[in-house]
Amino acid sequence: MLNMERFAAFYSIVFLLLLWLCWWSRRRNSLVIDWPIFGMIPTLLYHFSHIHDFATYILQQSTGPFYFKGPWFSGMDFLGIADPINVHYVMSKNFSNYPKGAEFKQIFEPLGDGIFNADSDSWSIQRRMVQSLLHKNKNFDLALEITLKQKILQGLLPILENVSQVDMQDVFQRFTFDTICQLVLGFDPNSLSIEFSQIPHQKAFDDIEEAFIYRHAVPGSIWKLQKWLQIGKEKKLKKAWEIFDDFLERCITTKREQLRQNCRDQMEGERFDLLSSFLAEDDDFAKEAAKSGIQTKSNKFLRDMALNLLVAGRDTIGAALVWFFWLVGTHPLVEKRILEEIKGILGEKPGEKWRVFNIEEARKLVYLHAVICEVLRLYPSIPFQHKVSTQQDTFPSGHNVPKNMRILLSFYSMGRMEEIWGKDCLEFKPERWISEGGKIKHVPSYKFTAFNAGPRSCVEIQTETVMHELTVLNFNDRLRRCDGTSNS
């Protein structure tokens, strides 16, 4: 009897081993191994240092959306997509079924109810307010031009003329932080200086954004536990949040006091800022927003809106500038064509060291525009975005989408897809953007997603802003040879 029990136990073990081998052989040839308990997270962590390139490889090899399985019960499962037909469907055709969702708002908690986190009526109202202030107010264009010129000539160029080595990524982050603070809050932190001084609210801003990345990388249960225990990154976030909130509160209080004293000149020319414009917004608009429960004059609304605009305006343009100079610096023929276009169209004066161009002059530079588009194709400032399905659905590709499924759209990967850009998709080739007639080619936003697509397309004119900054710089020798990813 005992031998029979041993025999049965032996064959049970052999049977389980065979099952495991079958499971392993089926998954070892898959793109990503789905481990028991841990799901696909071990492979993700292994490739985390080059996660965007790894995601691109996975999406290129997949026949359609890629189903990523996170650890059991972690809620980290998602569908990854990078094909234009499905991206267009999510971002435009069935936009209402794919909001950012509650989980997105939890990850970006410090942004409050601002435009990045908002959905439905709240998002629609905020978008119309921002569009109105950016596109219908000539003071914004004038303030943008004056602020950029002042910050470049008095902040950026003195640094480049007085240092032998500099981290260009740090320089551009400081440059865009000062610029966007001036445009949104009417306050220049002056973080861009030869001393490279540490500004408390700038450091707090960096810490908040670092926490966003961390919350993306770990299961929600982990960072939420850390938040409850007040340890690790979450403890750092709380302190940074308090510091930056105090900074914003002081800026809002100052602006309210200025408006009470009828300082309307604060809203003209170089003194224009978006915070003052929000406070002075038409009462009819405020009443309309109040019907949806939005108090546009409250400190909470102004704080959330300001922080969201700061996030939108610093890292997007800062990242674009870093990649621009790195790519141009490693492609001398592209650099040569940019300089030739500037000299040929805008001219130069003998002995002139610097030349400041306005926005209208910058718009004439077609090749420079093409270079920036190519930079953003390969290195979009926002490399991915995620949505969530409110109802069960079917993609145009025929793939089923369960209810409450997270959808990750890889804009970085889309810039490297042969079916969109051709076999030379990995090449840095600005000429692909110029038509036979010498104009910039139009590419649908669901293929060129650097500025998002559909109703949530960027309201900022990022390309023109970067173009203006670059023409003001006029390609000083030291800048032209900088490496945006390291000291130079």
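1. In this predicted model, Arg-416 is placed over the face of Tyr-379, 5.1 Å from the ring centre. Arg-416 also lies over the face of Tyr-412, where the distance to the ring centre is 3.9 Å.

2. The count of aromatic pairs comes to 20. One of them is formed by Trp-421 and Trp-433, whose ring centres are 5.5 Å apart and whose planes make an angle of 45°, a tilted arrangement. This pair links distant parts of the chain, the two residues being 12 residues apart. Trp-421 belongs to helix H19 (residues 418-421), while Trp-433 is found in the loop between H19 and helix H20 (462-473). Trp-421 and Trp-433 are both buried.

3. Which residues form a nonpolar patch on the surface? The patch consists of Ile-37, Phe-38, Trp-72 and Phe-73, which together have about 570 Å² of accessible area. Of these residues, Phe-38 is located in the loop between helix H1 (2-28) and helix H2 (41-46).

4. Is Lys-255 buried or exposed? Lys-255 counts as buried because its relative accessibility is 4%, and the cut-off for buried is under 20%. Lys-255 lies in helix H11 (residues 232-260). A polar contact of 3.3 Å joins the side chain of Lys-255 to the side chain of Gln-258.

Terms used:
Residues are numbered from 1 along each chain as its sequence is written. This is a predicted model: local features need pLDDT of at least 70, side-chain atom pairs count only at pLDDT 80 or more; totals for chains, interfaces and linings use all residues. Side-chain values use heavy atoms; hydrogens and water are left out. Patches are made of residues with over 30% relative accessible area and no salt bridge: like charges are joined within 9 Å, nonpolar side chains (Val, Leu, Ile, Met, Phe, Trp, Tyr) within 5 Å. Accessible areas come from the Shrake-Rupley method with a 1.4 Å probe; for residues, only the protein chains shown count as cover. A salt bridge is a side-chain nitrogen of Lys or Arg within 4 Å of a carboxyl oxygen of Asp or Glu. Helices (H or I, at least four residues) and strands (E, at least two) are DSSP runs, numbered from the N terminus. Rings of Phe, Tyr and Trp (its six-membered ring) pair if their centres lie within 6.5 Å; planes under 30 degrees apart count as stacked, over 60 as edge-to-face and the rest as tilted. Buried means under 20% relative accessible area, exposed over 50%, partly exposed in between (1.4 Å probe, protein chains only). A charge sits over a ring if NZ of Lys or CZ of Arg is within 6 Å of the ring centre and within 35 degrees of the ring normal. A polar contact is a pair of N or O atoms within 3.5 Å; within protein, one must be able to donate a hydrogen and the other to accept it, and residues adjacent in sequence count only if both atoms are side-chain atoms.
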